[in-house]
Amino acid sequence: MLRIDKLTKRFGANTAVDAATLEVDKPCMIGIIGRSGAGKSTLLRMINRLSDASAGRILFEGRDITRLRGSEKRAWQAQCAMIFQQFNLVPRMDVVSNVLHGTLNRRSTLATMFNLYPTGDIHRAIDILDRLGIAEHAAKRAEALSGGQQQRVAIARALMQDPTIILADEPIASLDPMNAQVVMQSLRRIHEEDGRTVIANLHTLDTARRYCDRVVGMRDGRIVFDGLPEQLTTGVAREIYGADASFSEAATSTEIGTLDAAQDAIYQAEATV
Amino acid sequence: MTDLTGGVTDITRVHDEYIALTRRKRVYGGILLILFVALMAAGFRTADSRNAGSFAEGWTHVFDYPAEVLAEALEKSAQLPGHLLHFLPALVETLNIAAAATLAGTLAGTVLALLSTRGLAYWPRLIPLFRRIADICRAVPEIVIALVLIFVLGGGPVPAMIAIAIHTAGALGKLFSEVSENASLKPVEGLESVGANWAQRMYLGVIPQVGPNFVSYALLRFEINIRASAILGFVGAGGIGYELRNAMSWGQGRYDEAAAIFLLLFSAIVVVDQVSDRLRERLTHGAKAGATA
């Protein structure tokens, strides 16, 4: 389905992504982990074509995505939704309008400028908001919502695109643990119920383990780990993050449960390793 | 999740409410659009009826004059480099007027702005007074001030410089004051706590915060002032405007000179625009740093 072949991105002398190769043959939920600056965001931005690759190819169902230009490129972006750490909504517009932005690629520029969306689309937007549990905020301005609610609006916008792939760049890094859980569960449900592929950059190991079918580890622009969550041992994690023995997972965890079980879990994990 | 029936009625209510809201917004938008079109049409008709000729008949002749200028300039194109060199001193004079006026106007505008900003003003009660002073500086057209000053002081670059400086002070006073309103008061309070006087608090506490914005607006104003100083040449303030007026009058056979002056003015504005663009970029984003991943 999606094949990334020796994808490379250079910024001047720095190499942000170094010959990344990845193959996804069926819809699944992938978590990408690694230190900040490891090239996770750059990789996702290249898949969405927000930035151009320096070398290598991205193939989706046999089509070379990296070569697309103009309206073909925008059509691909509509098919491959992106969710951002800082939500990237239009703050002064109401929630439903923000969700309707997901249809921009299909509508004429003039109609969207005058806010003339088909009634069917408006109903669908509200239904998606209802599915994510925020339909009662439909008419509010996006800026009036809390961080977790705004991220769910961003997910609704992504769903409105009816995409095959959803890319999520640190979707929970700006959220408190409670909202982080709601957002991750929403993404998991979208994958399970709609069969869409979700690729998420995550900054905590336990989130990746708990919600993903497959975990990819990046270090200094290279993919250094690609396997099942169970294979992600503390030793492997230390390797990915370039950390020494003082590295402990509980110290970075955002799970509420970790607060109580932190110490026990660590001891058990170390014992099983 | 709540029970199913309750959820269903609830979501239809949200649907209906939002659709009603959208309809209302569309009606407002439609009314605004109709008003806009009506105002445009009415305004245009008024302007057209008061015009000497009619727009419908006259607009086809818009390009007659430029075509004539170009034709004559092409005919005598061999003399163009000589003309360019000949008018260069006049261009330098125009740029000088603009630069001096921008500097003086920026300084006056800064003082006016600080005196008319809430939270910073030295005499908070006199804020409306300084605001009105800035308004008056802005409201009187440069050309009126210049004409009065030329009458009093005689022709030359100084009246033009003063006229442009007054207008610049008014315009920048307003813009600077808006920028200063967004400056944080915490550093000012910090300086107050060590016993600094008002001038010290402003110069050391506020200016560092708003400096890049001030410079950026002042550079934009410099570009505008070049055009203004060229125009003032038409009423006897010297510089390239004076030469242009003489060259572009109808039927003197000096259109080649007019073309050379247009070329000089255009390239001067392009150069200033490019240079100030670079400067502004540097000021707002800092010196070019290494890219981040």
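Helices (H or I, at least four residues) and strands (E, at least two) are DSSP runs, numbered from the N terminus. I am working on a predicted model, where local features need pLDDT of at least 70, side-chain atom pairs count only at pLDDT 80 or more, and totals for chains, interfaces and linings use all residues. Residues count from 1 along each chain as its sequence is written, with chains lettered from A and ligands numbered from 1 in the order in which they are written.

**Chain B, annotated spans**

I looked up "transmembrane region" in UniProt; the unreviewed entry lists residues 27-44, 97-123 and 143-166 of chain B. Positions are in the numbering used here, feature names are shortened, and annotations may be inferred rather than shown by experiment. Residues 97-123 of chain B come out at 70% helix and 0% strand, with the end C-alpha atoms 33 Å apart. For residues 143-166 of chain B I get 88% helix and 0% strand, but the end C-alpha atoms are 11 Å apart.

β6(A) pairs with β7(A), residues 165-169, in the parallel sense over four bridges; pairing takes at least two DSSP bridges. A:Ile83 has A:Ala168 as its bridge partner in β7(A).

**Chain A, A:Leu100**

Where is A:Leu100 placed? I found A:Leu100 in helix α3 (residues 95-100) of chain A. A:Leu100 is buried, with 23 other C-beta atoms within 10 Å. Leaving out residues up to four places away in sequence, A:Leu100 touches A:Tyr117, A:Asp121, A:Ile122, A:Ala125 and A:Met160 (contact: C-beta atoms, placed from the backbone, within 7 Å). The C-alpha atoms of A:Leu100 and A:Ala156 are separated by 9.0 Å, though the two are 56 residues apart along the chain.

**Chain A, positive phi**

Most residues other than glycine have a negative phi. A:Asn88, not a glycine, has a positive phi of about 50°. I place A:Asn88 in the loop between β6 and α3 of chain A, and A:Asn88 is partly exposed, with 14 other C-beta atoms within 10 Å. A:Asn115 also has a positive phi, near 60°. A:Asn115 sits in the loop between α4 (109-113) and α5 (119-131) of chain A and is partly exposed, with 13 other C-beta atoms within 10 Å.

Conventions:
Buried ≥ 20, exposed ≤ 12 C-beta atoms within 10 Å, placed from the backbone. Contact = placed C-beta atoms within 7 Å.
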